[in-house]
Amino acid sequence: MSEELSRWTRAEAAEMRAMPFDRDVLRALVDYRFSAQGRRKAAGNQLGAIERRVDTAPDAFALRVLKEDFSIVEKKADRAIVAMVEAHEAGRWAVSIEGVGHTFAGVLLAYVDIRICTTAGKLWRFFGVDPTCKWEKGKKRPYFALGKTVTWQIGESFKKLGADSPCLYAQLYRTRKAQEVERNDAGTFREQALARLEEATRKKWSISPLQRETWAGGKLQPIGLDLRAGRYAAKMFLSHFHHVLHEVELGCPPAVPYILGPGGHADFIPPPIWRG
């Protein structure tokens, strides 16, 4: 954490390190951080358009100033998030995992209430990675949008780790990817592929001839298989974060799923690098 806070004054850095964990404060910091990031990117995009002469703004000075100001807010929020995450044992566990940074851990700690997300399944649903949870047209979004985005980013982060990485989740991604490819080649996903083609046709999606041919042949696309494997690894991480947070905040591990109890199969994978 000292490296992350190195650009602060000594007084500011000392005060940040001494901050106690406060979920409401962390939630505000996360919101400010992503809001500033979005505005910084918007200003940057407009500046790029001006440079390419596709935007007619006569003077980009104000935009450059705003972009820099939003960047400062984003960086300061990031450093405050680092301090808050380090103040929570579950946060320290999360960032001990290769590929998981303080921003990801900050979103999890800020928005996951273990008394509401009592099971890993409820956490998956809240973060938009429960396949049975659909966002129907005209209905309120049934999941936390930022949580779904962060889950995808975590999966992508695990994908980028090298084949020799000892990270459990990177290993799970590679193993799952091989399984998904094997099942796809065997025609296991035929019904899903045909259903996807039917939906694309019914909703008049713009799809390529290759997509149409692949789905019509009863196969999912390679990119879809990759996304499924990344999502699997990210969901396992979310399950483990839920387990750790439950132990830290409630003093005991979560209930064992029925299938892992008497009569079930023992395939429970414990959280890595955890005292429990």
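This is a predicted model: local features need pLDDT of at least 70, side-chain atom pairs count only at pLDDT 80 or more; totals for chains, interfaces and linings use all residues.
Let me begin at proline 253, which is found in the segment after helix 11, where helices are DSSP runs of H or I with at least four residues, numbered from the N terminus. Residues are numbered from 1 along each chain as its sequence is written, and side-chain values use heavy atoms, with hydrogens and water left out.

Proline 253 has a relative accessible area of 44% and is therefore partly exposed, given that buried means under 20% relative accessible area, exposed over 50%, and partly exposed in between, with a 1.4 Å probe and protein chains only. In sequence, proline 253 and histidine 243 are 10 residues apart, and in space they are 6.1 Å apart, C-alpha to C-alpha. If we leave aside neighbours within four places in sequence, proline 253 is in contact with His243, His246 and Glu247, contact meaning heavy atoms within 4.5 Å.

Turning to helix 11 itself, residues 222-250, we find serine 239 there. Is serine 239 buried or exposed? With a relative accessible area of 17%, serine 239 is buried, and, neighbours within four places in sequence again aside, serine 239 is in contact with Ala120 and Trp124.

Two packed helices are described by the angle between their axes and the distance between the axes. Helix 8, residues 168-185, packs with helix 11 at an angle of about 140°, the axes being 8 Å apart; here axes are lines fitted to C-alpha atoms, for helices over the stretch in contact, and angles run from 0 to 180 degrees between N-to-C directions. The two helices are therefore oblique to each other, since angles under 35 degrees count as roughly parallel, over 145 as roughly antiparallel, 65 to 115 as roughly perpendicular and the rest as oblique. Among the residues making this contact are Tyr169, Tyr173 and Arg176 of helix 8, and Tyr232, Met236 and Phe237 of helix 11.

Finally, a word on the cysteines. Cysteine 117 is buried, at 5% relative accessible area, whereas cysteine 252, at 34%, counts as partly exposed. How many disulfides are there? Taking a disulfide as a pair of cysteine sulfur atoms within 2.5 Å, the count comes to zero.
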